[in-house]
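Here is a short report for a first look at the structure below. Keep the sequence and the 3D view open while reading.

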Amino acid sequence: MLLDDGGHQAVGVALEPGGQGGIKTGHGHILAEPVRRDDHGVGGTLADMTAGDQPRDGTTHRAVVLVAAATTAVYAALASTTGVNTVGAAVAVAIPGMAVAVVALLRPSRAVAAGPGLRRGAAIWAVVALTALLWEAGAYFGELTVGQHEHPTLSVLLAPLLNDQVIRFAAWSLWLYAGWRLIRR
Amino acid sequence: MSSRDVTIGGFLVLGVVMAALVAASWAGRLPRFGEVVDLLATRRAGRVLVVLIWWWLGWHFLVRTS
């Protein structure tokens, strides 16, 4: 079965009855909780909705995506003109940061029941993320005690790249896109 | 091999491992990163953590960069 992943890509998943009104995917369990039903009778269960929890109004969805993409591109273009360690750059990060924080924290929780596959995947990602964090922390303390050349942190290694205008624009776009995905989930 | 090489090599290995995990998720052998984030964000504390990590990445690499 193909699920619409918010208009970006179709996701192929094997579905089977999960009991208690739910559906099992290969990795998790989508709960068939009732969701709001609008005046046009649109609604049903979570399993009826798209993976991004978006209504199936294609035109509206495309318009929202286009506006968001255009806004992101313009914002990234403006933000990428700010220099490092400047008030302008700090403000440019703070504005979307506060917006995403407010939306993400006020939005009601989404029901996700973790199956064995999802738990295993989460554990693997947690191990890799923790290892990366420890490696970066080790480089940081090495930088403080031994020297930046011998123990460069990731940000030190990437700093020359991020001074390039095009790469800086791409980095801003990527960061803003990640924030957009956070509030769409 | 200098300590600089080891440090950079560690970051490269981690990058390759992350790329492999993403490729495995595309192939359907692992859950997608977004599904893991969804799981983490089910609780408010997890959502705070996810937003903080995202915000810190922006601050660290786009504002400070060193």
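## Overall make-up

Chain A holds 5 helices and 8 strands. The model is predicted. Read from the N terminus, the order of elements in chain A is β-β-β-β-β-β-β-α-α-β-α-α-α.

Chain A has 185 residues, and 16% of them count as buried. Take the contacts in chain A between residues at least 6 apart in sequence: 49% of these join residues at least 24 apart.

Chain B is divided into domain 1, residues 1-29, and domain 2, residues 31-66. The C-alpha centres of these two domains of chain B are 19 Å apart.

## Confidence

How confident is the predictor in the complex, by ipTM and pTM? The ipTM is 0.87 and the pTM is 0.71.

The mean pLDDT of chain B is 89, with 97% of its residues at 70 or more. Within chain B, H1(B) has the highest confidence, at 94. H2(B) has the lowest, at a mean of 87. Chain A averages a pLDDT of 75, and 69% of its residues score at least 70.

Two stretches of chain A call for care. Over residues 1-26 of chain A the pLDDT stays under 50, and the model has 48 contacts for them beyond four places in sequence. Residues 28-52 of chain A also have a pLDDT below 50, with 56 contacts in the model beyond near neighbours in sequence. Where pLDDT is low, the predicted coordinates should not be read in detail.

## Where the chains meet

B:Val63 has 20 other C-beta atoms within 10 Å, so it is buried. Across in chain A, B:Val63 touches A:Val84, A:Ala89, A:Ala90 and A:Val93.

Helix H2 of chain A covers residues 87-106, 20 residues in all. From its first C-alpha to its last it reaches 28 Å, close to the 28 Å expected at 1.5 Å a residue.

Which residues of H2(A) are buried? They are A:Ala89, A:Ala92, A:Val93, A:Pro96, A:Gly97 and A:Val100. Seen down the axis of H2(A), the buried residues fall within an arc of 115 degrees, so they line one face of the helix. The other side of H2(A) has exposed residues: A:Val87, A:Val91, A:Ile95, A:Met98, A:Ala99, A:Val102, A:Leu105 and A:Leu106.

What covers the buried residues of H2(A)? The cover includes helix H1 (58-79) and helix H5 (165-184) of chain A, together with H3 of chain B.

## Points around this helix

A:Asn85 sits in the loop between H1 and H2 of chain A. Is A:Asn85 buried or exposed? With 11 other C-beta atoms within 10 Å, A:Asn85 is exposed. Its phi is near 55 degrees, a positive value in a residue other than glycine. Most residues other than glycine have a negative phi.

A:Val112 is in the loop between H2 and strand S8 (113-114) of chain A. A:Val112 has 19 C-beta neighbours inside 10 Å and so counts as partly exposed. A:Val112 and A:Gly88 are 24 residues apart in sequence, and their C-alpha atoms are 39 Å apart in space.

A:Ala69 belongs to helix H1 of chain A. A:Ala69 is partly exposed, because 14 other C-beta atoms lie within 10 Å. The C-alpha atoms of A:Ala69 and A:Ala79 are separated by 15 Å, with the two residues 10 apart along the chain.

Methods:
Residues numbered from 1 in each chain as written. Chains lettered and ligands numbered in written order. Predicted model: local features only at pLDDT ≥ 70, side-chain atom pairs only at ≥ 80, totals over all residues. Helix = DSSP H or I, 4+ residues; strand = E, 2+ residues; numbered from the N terminus. Buried ≥ 20, exposed ≤ 12 C-beta atoms within 10 Å, placed from the backbone. Contact = placed C-beta atoms within 7 Å. Domains from an automatic or database assignment. Expected span 1.5 Å × (residues − 1). Arc of directions from axis to C-beta. pLDDT = per-residue confidence, 0-100.
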